[in-house]
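Here are some friendly notes to read alongside the model. Please keep the sequence and the structure open as you go through the points.

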Amino acid sequence: MERHLAWDGDIAARIISEWKSREGALLPILHALQEEFGYIHPAATALVADALNIGRAEIHGVITFYPDFRQAPPAAHSLKLCRAEACQSQGADRLARQAQDALGIGFGGTSADGKVQLDAVYCLGLCSVAPSAMLDGRIVGRLDDGKLASLLTEAGQ
Ligand code: FES
């Protein structure tokens, strides 16, 4: 799991000033802030708006337009389940429902305790050992009820 710094306005201001004079600085700044803190803190909008002399609404529009930008801290664990064909033919749908029920969320959601983000992926390159999953960057093949339960336990559920 990637480690991020807690939000710090001074560090954010430093990142912004490193990028602000470059052409088309908005997206690189937002990416750099997210890389550092794991998300775009609400206070970043005002800092970026002042530095680039653009409106907050424009920045908010960019943040909400690109699905890669997060507006809240990332969950402690990332569980991805493969939904592509080879995995589907080996029971991935049933496992997906099981994971969603256990976490009480759909794909793209974060569990209420903030510990697990659940995402769908489309092929992890492990088709020969489908169905496949990934927990915090570690890939797992031949997913079954027992392995899914272990992954959820590992993720604090
Ligand atoms: S289809 Fe799931 S790993 Fe390839």
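1. Let us begin with strand 2, which is mostly covered, with 5 of its 6 residues buried. Buried here means under 20% relative accessible area, exposed means over 50%, and partly exposed is in between (1.4 Å probe, protein chains only). Helices (H or I, at least four residues) and strands (E, at least two) are DSSP runs, numbered from the N terminus.

2. A word on what you are looking at: this is a predicted model, in which local features need pLDDT of at least 70 and side-chain atom pairs count only at pLDDT 80 or more, while totals for chains, interfaces and linings use all residues. Residues are numbered from 1 along each chain as its sequence is written, and side-chain values use heavy atoms, with hydrogens and water left out.

3. Which strands pair with strand 1? Strand 1 (77-82) pairs with strand 2 in the parallel sense over 6 bridges, and with strand 3 (residues 133-135) in the antiparallel sense over 3 bridges. Two strands count as paired if DSSP finds at least two bridges between them. To find your place, look for Ser-78 opposite Gln-117 in strand 2, and for Lys-80 opposite Met-134 in strand 3.

4. Now step back to the whole chain. The protein chain has 7 helices and 4 strands, and from the N terminus on its elements run α-α-α-α-β-α-α-β-β-β-α. The chain is divided into domain 1 (9-65) and domain 2 (77-154), with bounds that come from an automatic or database domain assignment. The C-alpha centres of the two domains lie 33 Å apart, and the C-alpha atoms of the chain fill a box of roughly 55 × 30 × 25 Å, taken along the principal axes. Buried residues make up 39% of the 157 residues.

5. Helix 6 (residues 92-103) has 12 residues and reaches 16 Å from its first C-alpha to its last, close to the 16 Å expected at 1.5 Å a residue; the expected span is 1.5 Å times one less than the number of residues. Its buried residues are Ala-92, Leu-95, Ala-96, Ala-99 and Leu-103. Seen down the axis of helix 6, these fall within an arc of 105°, so they line one face of the helix. The arc is that of the directions from the helix axis to the C-beta atoms. What covers these residues includes strand 1, helix 5 (85-88), strand 2 (116-121) and helix 7 (145-154). After helix 6 comes Gly-104, with a positive phi near 70°.

6. Where do the buried residues of helix 1 pack? They pack against helix 2 and helix 3. The residues Ile-11, Ala-12, Ile-15 and Ile-16 are buried in helix 1. They cover an arc of only 135° around the axis, which puts them on the same side of helix 1. On the other side of helix 1, Asp-10, Arg-14 and Glu-18 are exposed.

7. The largest nonpolar core has 20 residues, and those with the most contacts inside it are Leu-26, Ile-29, Leu-30, Leu-33, Ile-40, Val-48 and Ile-59. Helix 1 (9-19), helix 2 (26-37), helix 3 (42-52) and helix 4 (56-65) each supply at least two residues of this core, and the largest share, 6 residues, comes from helix 2. A nonpolar core is a set of buried Ala, Val, Leu, Ile, Met, Phe, Trp, Tyr and Cys residues joined through side-chain atoms within 4.5 Å. Leaving aside its neighbours within four places in sequence, Val-48 is in contact (heavy atoms within 4.5 Å) with Ile-16, Leu-26, Ile-29, Leu-33, Asn-53 and Ile-59. Apart from this core lies another, of 17 residues, among them Ala-96, Ile-105, Ala-133 and Val-140.

8. Finally, some backbone details in the loops. Most residues other than glycine have a negative phi, and most peptide bonds are trans. Asn-53, in the loop between helix 3 and helix 4, has a positive phi of about 60° although it is not a glycine. Asn-53 is exposed, with a relative accessible area of 70%. Arg-142, in the loop between strand 4 (138-140) and helix 7, has a positive phi near 50°, and counts as exposed at 53% relative accessibility. The peptide bond from Ala-130 to Pro-131 is cis, with omega near -5°, and Pro-131 sits in the loop between strand 2 and strand 3.
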